Amino acid sequence: MATRVIGASSLARDLGHWRSAEDGERGEVTRRSARPAYLALAEGIRLLIHDGRAPLGVALPSERDLATTLGVSRTTITSTYALLRENGYLISRQGSRSTVALPPAVPHDGMKPTRGIMATMPHSALPTIDMTYAAMAAPLEMQDAYAAALEGIPAYLCTHGMDPVGIVALREALARRYTERGLPTEPDQILVTLGAQHGLRLLLNVLASPAARVLIDHPTYPNAIEAIRDVGARPIPVPVRPELPGSGWDLDGIRSAARQTAATLAYLVPDYNNPTGLLMNNEDRAELAAIARETRMTVVIDESMVDLRLTAAEPPLPVAAFAKGSEIVTIGSASKSFWGGLRVGWIRTNQALITKLLGIRSTVDLGTPVMDQLAVGYLLEHAETILDRRRGQLRSQRAALLSALAEELPDWRVTDTAGGMSVWAQLPAPVSTALAATAPNHGILLAAGPRFGVQGAFERFLRLPFTHQEHDLRLAVKAIAAAYEALTPRAADPLNPLTCY
């Protein structure tokens, strides 16, 4: 299969103002130049690699194309690529283009070095604030939901209690909610699952053949990446770009990646993307559905965060509302909206696919617990009251987190979030894994940026959930600042010409 190639114009766009007025050309350093242009360009490309915007395995533009686009000499591009190659950021093979890589010293695939640290720590020294998860405590109505479920369970006790499709009452409630959001839905289009993750796994078993390419937004939910790999498929990252006009999704990149890799499946989180909190607008949703039709690609839309909007703006339509056939499949969950311990999710699709999913499901499980389904039905009846309160709580906690970050870590950049449960913080240096490794010594657990990408991307990023109480969030940021301060003297290597400064 042909190697994916980053276009010269796309790379130039992502590099932005890579060369200041102080940088020289042709490798020369004059009185006005702080560093030669090839070094400035190499540094810019290196940061794109660490940030996941230049995915591993993708080829860079030809020297001639990039030189023309950037308006520099070809010698500058040759020197740039040579320096990247020397430092392990490019791999060149005879007869083919240079492809993006990471040096062996850079951790790949979101390794969690905290495990080793945690194993050797005494119990009394365990971190007190866990920022590795983004989930809230159960709402006050949870007890009422299970009390109502207990009252409703007698109607099901005369049956065997194993329904792989889901009880009719819950499927009707879910169909009504989709219809109210602008997506007409019948109960027969709903399959109740053991959470969104379970639904994704069922879909992958049916739709992803061995060695299939599955497009993902990048960064994305880490357990989805693992699920794709577990079925023998390969995740193909398409970077999310908050700086782009629109909503942050590179639709041209999605179209190009689908065509170049012959991907037949994609997994995207357009509703308050985990971890960035970005929201895809209606125009981009319509374009995404059109791309799916053009490329004959099925797009799995994860709506786990859809209820957690934190602005007053009118929410967009479901992506499936723009579909003209079966190109969009939607998965959802009660876990983020109500409680992580409530393992109930669903798939909205056509009946033909549901039939195939049921054939696979019988080899995995025999259905979702009836009590949990009844509890979710009660929560959906009272959803607006519950969700309004939880959104208000999340807004207050997000404000507390952002205020603490501005005070303790003012040089960190944070993506503005439209909703969800976390912010995506950009660090001045690519030290996310090292920071997560040392954080337990300061009383906090962190999920390093590379967990949300593939092959070592996002070393300059950190997901910070705001699902803890405000007091705990302020303590957490103080602990992060202390860990970062202890780490900073070792963050840069003065001997490396590509060191981050």
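# Close-up views

View 1. Arg-255 counts as buried because its relative accessibility is 14%, where buried means under 20% relative accessible area, exposed over 50%, and partly exposed anything in between (1.4 Å probe, protein chains only). Please keep in mind that this is a predicted model, in which local features need pLDDT of at least 70 and side-chain atom pairs count only at pLDDT 80 or more, while totals for chains, interfaces and linings use all residues. Residues are numbered from 1 along each chain as its sequence is written, and side-chain values use heavy atoms, with hydrogens and water left out. Arg-255 belongs to helix H10, which covers residues 251–261; helices (H or I, at least four residues) and strands (E, at least two) are DSSP runs, numbered from the N terminus. Leaving aside residues up to four places away in sequence, Arg-255 touches Glu-287, Ile-291 and Glu-294, a contact being heavy atoms within 4.5 Å.

**View 2. The salt bridge between Arg-255 and Glu-287.** Here the two side chains meet at 2.3 Å, N to O. The pair links distant parts of the chain, with Arg-255 in helix H10 and Glu-287, 32 residues apart from it, in helix H11 (residues 282–295). A salt bridge is a side-chain nitrogen of Lys or Arg within 4 Å of a carboxyl oxygen of Asp or Glu. Glu-287 has a relative accessible area of 29%, so this residue is partly exposed.

**View 3. Arg-285 with Asp-271.** The closest N and O atoms of this salt bridge are 2.7 Å apart. Arg-285 sits in helix H11 and Asp-271 in the loop between strand S7 (265–268) and H11, so the pair ties together parts 14 residues apart in sequence. Both Arg-285 and Asp-271 are buried.

**View 4. Glu-63 with Arg-74.** In this salt bridge the closest N and O atoms are 3.5 Å apart. Glu-63 lies in helix H3 (residues 63–70) and Arg-74 in helix H4 (residues 74–86), eleven residues apart, and the pair links distant parts of the chain. Glu-63 is partly exposed, because its relative accessible area is 21%. Arg-74 is partly exposed too, at 44% relative accessibility. By the salt-bridge rule, the count comes to 18.

**View 5. Helix H2 and the residue that follows.** H2 is mostly covered, with 13 of its 14 residues buried. Just after H2, look for Gly-52, whose phi is positive at about 85°.

View 6. The protein chain has 16 helices and 14 strands, and 55% of its 501 residues count as buried. Among contacts between residues at least 6 apart in sequence, 76% join residues at least 24 apart. The chain exposes about 21300 Å², with carbon and sulfur atoms supplying 52% of it; accessible areas come from the Shrake-Rupley method with a 1.4 Å probe, and for residues only the protein chains shown count as cover. Mean pLDDT is 86, and 88% of the residues reach 70 or more; pLDDT is the predictor's confidence in each residue, from 0 to 100. It stays under 50 over residues 106–127, for which the model has 39 contacts beyond four places in sequence. Residues 490–501 also stay under 50 in pLDDT, and for them the model has 26 such contacts.
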